[in-house]
Amino acid sequence: MAEVDDHTVKLKGPGGAAATIALLGATVVSFIPEDGEERLFKSSKSSVAGPKPVRGGIPIVWPCFGPAPKEPPFDKLTQHGFARSHVWKYEQGNDPAVAVFTLEPNADIKKVYAPDFRLKYTVKLTAGDVLETTLDVTNPSTASDPLKFQALLHSYFRLPEGTLPSDVTIDDSLTGLRYKDKVLNFQEGTEDRKSFTFVDETDRVYADAPKSFVVKYGKSQQGLKFEFSNLGDLVTWNPHVEKSASMADMEEDGWKKFICLEPGHVHDFINLQPGQTWTGFQRLTALSARLSLPANNAAL
Ligand code: BG6
């Protein structure tokens, strides 16, 4: 059984990995694989007790990404929607490596968002330094209205000591992809770098990203292998010096300590028919000296 306190649920994986999930936003705030090195970043100025969404970990962005559209049902929402700002229900289970959380409309949500919905989020540790997160969105409506939404896992990855965002490389998986650059007022372009890295302020939305890729953390032995389904877009974000300093909940020099890689469905809205469920899935494998780094996807 998982360990539960007022604000968090703690998981233990079969091989000794650990994860902590805040009830606030069902935000995974810690993932420590078997080598004992924390892989997620959480700002020391942010609390799992709120009142603001957790600045770090893996906040769930739902039902809209970025500034909310000005039309109903989104017009009363704030940036990235409300899922990250509400306390989710932990569904007690027996497996110490699995936690299930749910969110349904409550009085506060109904004040700002009318559609009916059911969110279920499953967090699972499996052997081999793996963290899996599955988001199920159900449209329980009996009317004919589709449930319209975007979804994204706003994952903040902690870099090892001595590694900067500019040392991080993503294999050639993003090369040739179309993107919108939010730093440059949504300017569109095609990624022409052979290998992506984080230089300066970075805020790009890539469409049709691959279902799997590998990230390496500079000369360190650490990295991550990503696998997704139904999360076909990828946001790469790092606020760099100025924006980081302007964020009240970001710790000093926070930008140096993480990169955000955010898989989602954000290039348009999903229209989910009544009675249907949509599932977005992410599998993260922590790579370290114990698990040698693959050179590229072909080697996986
Ligand atoms: C990213 C967006 O997903 O989240 C950025 O692309 C945004 O534009 C960043 O600045 C952080 O957003 P927030 O609402 O958590 O400060």
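This short talk walks through the ligand site and the salt bridges of one predicted model.

Hi everyone, and a quick word on how to read the values. The model is predicted, so local features need pLDDT of at least 70 and side-chain atom pairs count only at pLDDT 80 or more, while totals for chains, interfaces and linings use all residues. Residues are numbered from 1 along each chain as its sequence is written, and side-chain values use heavy atoms, with hydrogens and water left out.

Let's begin with the ligand.

Now look at some polar contacts, meaning pairs of N or O atoms within 3.5 Å. Glu262 has a polar side-chain atom 2.6 Å from a ligand oxygen. For His154, an N or O atom of the side chain is 2.7 Å from an oxygen of the ligand, and for His80 the distance from a polar side-chain atom to a ligand oxygen is 3.1 Å. How much of the ligand's accessible area does the protein cover? On its own the ligand has 390 Å² of accessible area, and the protein covers 89% of that. These areas come from the Shrake-Rupley method with a 1.4 Å probe.

On to the salt bridges. Side chains of opposite charge can pair when their charged atoms come close. Here a salt bridge is a side-chain nitrogen of Lys or Arg within 4 Å of a carboxyl oxygen of Asp or Glu, and the count comes to 16.

Are the partners buried or exposed, or in between? Buried means under 20% relative accessible area, exposed over 50%, and partly exposed in between, with a 1.4 Å probe and protein chains only. Lys225 and Glu227 pair at 3.8 Å, N to O; Lys225 is buried at 18%, and Glu227 is buried at 19%. This pair belongs to a network of salt bridges that also links Glu132 and Arg283.

Asp116 and Arg118 meet at 2.9 Å, N to O. Asp116 is partly exposed at 33%, and Arg118 is partly exposed at 29%.

Note on methods. A polar contact is a pair of N or O atoms within 3.5 Å; within protein, one must be able to donate a hydrogen and the other to accept it, and residues adjacent in sequence count only if both atoms are side-chain atoms.
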